[in-house]
Amino acid sequence: MGFNDEFRERTKSFALRVIKLFRSLPKTEEAKIIGRQLIRSGCSVGANFRAATRARSKAEFYSKLSIVVEEAFESAFWIELLMDSG
């Protein structure tokens, strides 16, 4: 299994874990708001990685991959916020 295949599976797995986390959150308004943000960014990691693998040039690949990294950092922020807010 090459890098692209492995990373494709890992980003999909991450998105599925984010969905499961969202489902387990308390039903408070704050948790719903943060959870929705996490769903968007967490699922975007995998979707944007798949888009990157279809890039037409190395420059486009790196550009799309930078979006993947950005969405991953955003996801980490939302997870930290959920953890720190109890």
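In the predicted model, the 15 positive and 11 negative charges of the protein chain have mean positions that lie 8 Å apart. Three salt bridges are counted. Side chains of opposite charge can pair when their charged atoms come close.

One of these salt bridges links the side chains of glutamate 6 and arginine 10, with an N to O distance of 3.8 Å. Both residues belong to helix H1 (residues 3-24), where a spacing of four residues places them about one helical turn apart. Glutamate 6 is partly exposed, at a relative accessible area of 37%, and arginine 10 is exposed, at 54%.

Glutamate 60 takes part in a salt bridge with arginine 56, in which the closest N and O atoms are 3.2 Å apart. Arginine 56 is exposed, with a relative accessible area of 75%. Glutamate 60 also meets lysine 64 in a salt bridge of 3.9 Å, N to O. Lysine 64 and glutamate 60 are four residues apart in helix H3 (residues 58-85), a separation of about one helical turn. Lysine 64 is partly exposed, its relative accessible area being 25%. Through shared partners, the salt bridges join Arg56, Glu60 and Lys64 into one network.

The protein chain as a whole contains three helices and zero strands, in the order α-α-α along the sequence. Its C-alpha trace spans about 45 × 25 × 15 Å along the principal axes. Of the 86 residues, 26% are buried. Among contacts between residues at least 6 apart in sequence, 64% join residues at least 24 apart.

Conventions. Residues are numbered from 1 along each chain as its sequence is written. This is a predicted model: local features need pLDDT of at least 70, side-chain atom pairs count only at pLDDT 80 or more; totals for chains, interfaces and linings use all residues. Side-chain values use heavy atoms; hydrogens and water are left out. Helices (H or I, at least four residues) and strands (E, at least two) are DSSP runs, numbered from the N terminus. Buried means under 20% relative accessible area, exposed over 50%, partly exposed in between (1.4 Å probe, protein chains only). Contact means heavy atoms within 4.5 Å. Lys and Arg count as positive and Asp and Glu as negative; His and the chain ends are not counted. The place of a charge is taken as NZ of Lys, CZ of Arg, CG of Asp or CD of Glu. A salt bridge is a side-chain nitrogen of Lys or Arg within 4 Å of a carboxyl oxygen of Asp or Glu.
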